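Dear colleague,

Please find the structure below, handed over for your records. My notes on it follow.

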Amino acid sequence: MKREKLQKELGIAVIGAGRIGTLRARLAARHPAVGFMAIADLDPRRAKTLADVTGADFHTGNNDEAIERPEVNAVFVSTPESLHSAPVRRALELGKPVLCEKPIALSLKDADDILETLRRTGGKLRIGYSRRYKECFLRAKEQMIHGRLGKVVGGLARVYNSRAQTFSILKRDPHATPVLDVLTYYVDLMCWFLEGNRPVEVVARGQHGIFKEAGYSAHDATWAIVTFADGAVVNFGISYALPAQFPTQGQSDRVELLGTEGTMLIDDDHKDHLLFSEKGIPHPYVPGHSLQMAFLGSNSAGDWALGDFWGSLGNETRAWLDHLVTGNTTVHTTPEQARVNLETTIAIERAVATGKAVRLPLET
């Protein structure tokens, strides 16, 4: 099939020079179609540092300055979760396609503002749920497409991490709780696997402890049962409060799907590749934190190896840049799907807070 070329050269603006913005920028700098790159961060020193690392053509402490550059024709929004709305909407208003980090926002109002701008401008927006681009979950989706499980009647998705990483997230944004910031990945996966079958009810419970004592509202553990429109029930669970020396370097997870004609079990705990080092192993997410024992491969974004970045975020970033050049279809989460994910995680937190079942869609 002949490849359709939509544009010969990409001009990329990366908004946010934190951990994920840095990875996006370094990956974009290596892409053969990227001919111009601008970096923006509200801390201009961080913008300059990342521009120096990537050889970017422009850097600024003003997000709009980068988005509005005439050379820029696509935008990555990698700001903290609560600051997604303004840069996403500005890029869409200028007709520039956007890949925004998950979740789409931390409030339904911000999400709806983004969706309204998208409708008004007719622009292009996708949300960076990079777990979709991990090979085990891509394989799982392929089996779902072929219907090999029959009708899915239930499932499970649970994820563990250490409190060291959670405190880094909460210090950045205290509203980015483990449910809203991380369990959302697994809500997205299950909604993707059960495509067209949306959540309709949530029952959930949580346990306060470590984070509450430190002054945050996040729960140490949260478990939810989500019922989907056709009656399927899925158990979602998260504990991001494991001891700081727990060996995971990111998300250790397990996903199960139970069908009338088959079962699929995905063990993604990463205990298959264990490293112990008396020299210590730097944590990829938490500066200054190291482990003596680590589950290699558990860093959710991926890993640097032999001078390049490998893993789900690398796959996702390259797929998006390729899509902008070729027009090929991708599996990036749509903004409408991302809003369902946000609504479901908000419902989980409401169900925990009230101790009552919460129906979806939520009244806003």
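Is V203 buried, partly exposed or exposed? V203 is partly exposed, at a relative accessible area of 36%, where buried means under 20%, exposed over 50% and partly exposed in between, with a 1.4 Å probe and protein chains only.

The model is predicted, so local features need pLDDT of at least 70 and side-chain atom pairs count only at pLDDT 80 or more, while totals for chains, interfaces and linings use all residues. Residues are numbered from 1 along each chain as its sequence is written, and side-chain values use heavy atoms, with hydrogens and water left out.

**Sheet**

Strands pair if DSSP finds at least two bridges between them; β7 (residues 152-162) and β10 (residues 233-242) run parallel and are joined by eight. V233 in β10 is the bridge partner of G154.

**Helix α8**

Helix α8 (a DSSP run of H or I, at least four residues) covers residues 178-193. A kink of about 45 degrees is centred on T184, the bend being the angle between axes fitted to the seven residues ending there and the seven starting there. Of the 16 residues in α8, 16 are buried.

Yours sincerely

Terms used:
Helices (H or I, at least four residues) and strands (E, at least two) are DSSP runs, numbered from the N terminus. The expected span of a helix is 1.5 Å times one less than its number of residues.
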